[in-house]
Amino acid sequence: MQVLAIDTATAFLVLGLPASERVVRLDRRHAEALFSELESFLQWANCGLAQLQGIAVGRGPGSYTGLRIGVAAGLGLARGLGIPLVGVDTLAGVAGRYRGTVRVAHSTRGGFVYTASYHVHDEIQALTPAEKRPLEGLEPHSLDEPPSGRVLARLGARLLRSGQRGVEPLYL
């Protein structure tokens, strides 16, 4: 299933298809660059909009504005193309870069992080729900690493095949 992943929850713009991805550090410039980067990525991946069968949008946790940009873009594309959309866990997209039991975290303001633990083997299983907590005393396997666009696209495809639809941003 050809699912396009879009994640703007972190300082990175992450775009993905099941077999390819692009990660660009944009800090707070997602709205400026998203569509030009998306067009360039799809051209590079040799994938036309008509080939897409679904959209997976990173639902966070992450920045309020960043989440809204990605969700709005995903909803607009999905509605315009007449294809389904589903939300995917941004932190699971980071965890999917690893194997075994991992804790991943993304920095937020004031010395806090968004964090969760996962067991990653053939699938990604959440061991703890995402939470906002102080970084102090936490030893994550990954800190501020972008999610994998390929992992997010595959998670989205799995959710869409199971019949799930829609996205609810995770604001912590």
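**From the end of a helix to the sheet**

Select Gly 163 to begin: just after helix H4, this glycine takes a positive phi of about 95°. The model is predicted, with local features needing pLDDT of at least 70 and side-chain atom pairs pLDDT 80 or more, while totals for chains, interfaces and linings use all residues. Residues are numbered from 1 along each chain as its sequence is written, and side-chain values use heavy atoms, leaving out hydrogens and water.

Next, select residues 149-161, which form H4 (helices, H or I of at least four residues, and strands, E of at least two, are DSSP runs numbered from the N terminus).

Now move to Ser 20, in strand S3 (residues 20-25). Ser 20 counts as buried because its relative accessibility is 12%. Leaving aside neighbours within four places in sequence, Ser 20 is in contact (heavy atoms within 4.5 Å) with Leu 15, Phe 41, Trp 44, Ala 45 and Arg 150.

Finally, display the open sheet, whose 5 strands run in the order S3-S2-S1-S4-S5 with mixed pairing (two strands pair if DSSP finds at least two bridges between them). S3 and strand S5 (85-88) are the edge strands, each pairing on one side only. Within the sheet, strand S1 (residues 3-7) pairs with strand S2 (residues 12-17) in the antiparallel sense over 3 bridges, and Ala 5 has Gly 16 in S2 as its bridge partner.

Notes. Buried < 20%, exposed > 50% of the residue type's maximum accessible area, 1.4 Å probe, protein only. Expected span 1.5 Å × (residues − 1).
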